[in-house]
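Q: Hi! I have a protein structure open and I'm new to this. Could you walk me through it?

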Amino acid sequence: MERRKFLSVTASGVTVAAAGVCWGGTWGVPQAMAGAPYALTTGVGTANLTGNTPTKNCWLYNGSCPGPMLRYRKGDRLSVNVTNNLATATTVHWHGIRSSNAMDGVADLTQAPIQPGEQFSYDLPLPHSGTYWYHAHNMGWEQVARGLYGPLIIDDDDDPTVDHDITLMIDDWRLDQDGQIDTASFGSLHDWSHGGRLGNWLTVNGLSDPKFFVKAGARLRLRLISAANARVFAIKINADAATLIAQDGAVCRPEKVDVISLAPAQRADVIIDLDGDSLALTDVSTGTPYPAGSFIVEPSLGRSTLKKSAIALAKPQKMPDLKTARTIPVHMQGGAMGTLAEARLDGEILPLRTLAQDHKKLWAFNGVVGTYSETLAEVPLGQLVALEVFNDTAWPHAMHLHGHHFWVTLDDPTATAPSGQRDTWLMPAGSKAKLVFRADNPGLWLFHCHMLEHAASGMSMVIAVG
Ligand code: C2O
Ligand code: CU
């Protein structure tokens, strides 16, 4: 793989915080922020992605990438006033949050984009706890790739007690020789028809291979969030005792993990009991291990006094009986080396070549190029729905449903379905899955691939609920 080899900039292991301080506790606002509205401003700025040459022309929330940590408690309201200081329109989407459709932040579907110089106030309840994130949802393939994302963490009284609760937002940037964002390839038809915009530079919390200082014998909770446009990370944890406790914000059956697959927009929460002096994470998705942060015991922090008892967690919600479910087939086609010959775009059947060359559309659901003007389905409020998805393309896709979490059942008996609910599910090429959800949230909800180039070129459709 060409990945990362060509960069001339070198990563100097960045020391994130002075000894004695764990960055996880100092980043953003550590305690719940309910109360007065929080001001979030978009703007152009510089980020220290490589530890060497600053990367210019990043698009940032409050001047940093990731943006500030928005941290609440379950049951709080999120209240954020967004001011757009970019030269282009934007919106903010609260990924994985299941509440108000009007506040979902999908440009041209749930709101008009926030124009340069304008403001928009988001205000929504937060009925669920867990690890979420926020990101731009207007031309996300460029806006997210330039840095418009941040963590959204919702604490719960039932959260397991840990020594350090550390959020790690992992991103995959495409930088040029000088460590600058490769802007020439934005909108590349090749990326859009293949695996999306794959990068060559990995950051964790906007830094290259950051170090975190922790107590000896600490119990850590790591909240992994993928902000990548398209790459599917495989994060290897070199610890004996790593337990996966939640995915996409929802509890799962606790299980030991070694390598965590993290598709775009997915999250994984892991509890780790540290037994040595350090712990390193590496991304092994390309076959060449790439450092993705480490945790180093800092003696001045002392030793953990926590009892390392078994982690008590709520049980994942069981999938209801499918007898009453309405089945909606979703035949996904298109892209390079695919089976799509023609598809309907805004009422007109066009051959794939015309769709690609004249409209930059490359993918279809059920023979329809996804736009916001056509719904995939209309379902009554309360209906149990089974999206019967067939990835009939040569590429994996990370399918995300707005406003709901879903259960996953798989056709392939050798594949493992998640034990809890998800909001983003990676479908390998050729695979089939049922994504089952209770349509209990009224509004126009997007169902799309979170490989953002695919979403822009046809893999986005609306499910109308209620
Ligand atoms: Cu993470 Cu449609 O969004
Ligand atoms: Cu896709």
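Q: Let me start with A265. Is that one buried or exposed?
A: A265 is buried, because its relative accessible area is 0%, and the cut-off for buried is under 20%. Keep in mind as we go that this is a predicted model.

Q: Where does A265 sit in the chain?
A: A265 lies in a loop, the one between β16 (259-262) and β17 (267-273).

Q: And what is phi like there?
A: Phi of A265 is positive, about 80 degrees, although the residue is not a glycine. For background, most residues other than glycine have a negative phi.

Q: Which other residue has a positive phi without being glycine?
A: N205 is one of them, with phi near 50 degrees. You will find N205 in the loop between β10 (201-204) and β11 (211-214). N205 counts as buried, because its relative accessibility is 2%.

Q: Switching topic: what holds the copper ion (ligand 2)?
A: The copper ion (ligand 2) is coordinated by H397 through ND1, C449 through SG and H454 through ND1, at 2.0 to 2.1 Å. H397 lies in strand β26 (residues 397-401) and C449 in strand β30 (residues 443-449), so this pair ties together parts that are 52 residues apart in sequence.

Q: What spacing do the donors follow along the chain?
A: The pattern for the copper ion (ligand 2) is H-x51-C-x4-H.

Q: Are H397 and C449 buried or exposed?
A: H397 is buried, and C449 is buried as well.

Q: Let's zoom out. How many helices and strands does the protein have?
A: There are five helices and 31 strands in the protein. The radius of gyration is 21 Å, close to the 23 Å that the globule rule gives for 466 residues, so the protein is as compact as a globular protein of that length.

Q: What box do the C-alpha atoms fill?
A: Along the principal axes, that box is roughly 70 × 50 × 45 Å.

Q: How much of the protein is buried?
A: Of its 466 residues, 60% count as buried. The accessible surface is about 17500 Å², and carbon and sulfur atoms account for 52% of that surface.

Q: What about contacts between residues at least 6 apart in sequence?
A: Among those contacts, 78% join residues at least 24 apart.

Q: And the charges, how many are positive and how many negative?
A: The protein has 37 positive side chains and 45 negative ones. The centres of the two sets lie 5 Å apart.

Q: Back to single residues. Where is L435, and what does it touch?
A: L435 is in strand β29 (residues 432-438). Leaving out residues up to four places away in sequence, L435 touches a list that includes V385, L387, M399, F406, W407 and F447. L435 counts as buried because its relative accessibility is 0%.

Q: How far is L435 from V82?
A: Those two are 353 residues apart in sequence, and their C-alpha atoms are 33 Å apart in space.

Q: How about E388, where is that?
A: E388 is in strand β25 (residues 384-391). E388 counts as partly exposed, because its relative accessibility is 36%.

Q: Which residues does E388 touch?
A: Not counting residues up to four places away in sequence, E388 touches T327, I328, P329, V330, A433 and K434. From E388 to V330 is 58 residues in sequence and 5.8 Å in space, C-alpha to C-alpha.

Q: Last one, M139. Where is it found?
A: M139 is in the loop between β7 (130-136) and α2 (140-143). M139 is partly exposed, with a relative accessible area of 38%. The C-alpha atoms of M139 and T88 are separated by 9.8 Å, and the two residues are 51 residues apart along the chain.

Note on methods. Residues are numbered from 1 along each chain as its sequence is written. Chains are lettered from A and ligands numbered from 1 in the order in which they are written. Side-chain values use heavy atoms; hydrogens and water are left out. Helices (H or I, at least four residues) and strands (E, at least two) are DSSP runs, numbered from the N terminus. The radius of gyration is taken over C-alpha atoms; the globule rule is 2.2 Å times the number of residues to the power 0.38. Buried means under 20% relative accessible area, exposed over 50%, partly exposed in between (1.4 Å probe, protein chains only). Contact means heavy atoms within 4.5 Å. Accessible areas come from the Shrake-Rupley method with a 1.4 Å probe; for residues, only the protein chains shown count as cover. Lys and Arg count as positive and Asp and Glu as negative; His and the chain ends are not counted. The place of a charge is taken as NZ of Lys, CZ of Arg, CG of Asp or CD of Glu. Donors are N, O and S atoms within 2.8 Å of the metal (3.2 Å for Na, K and Ca); water is not among the atoms, so sites may look incomplete.
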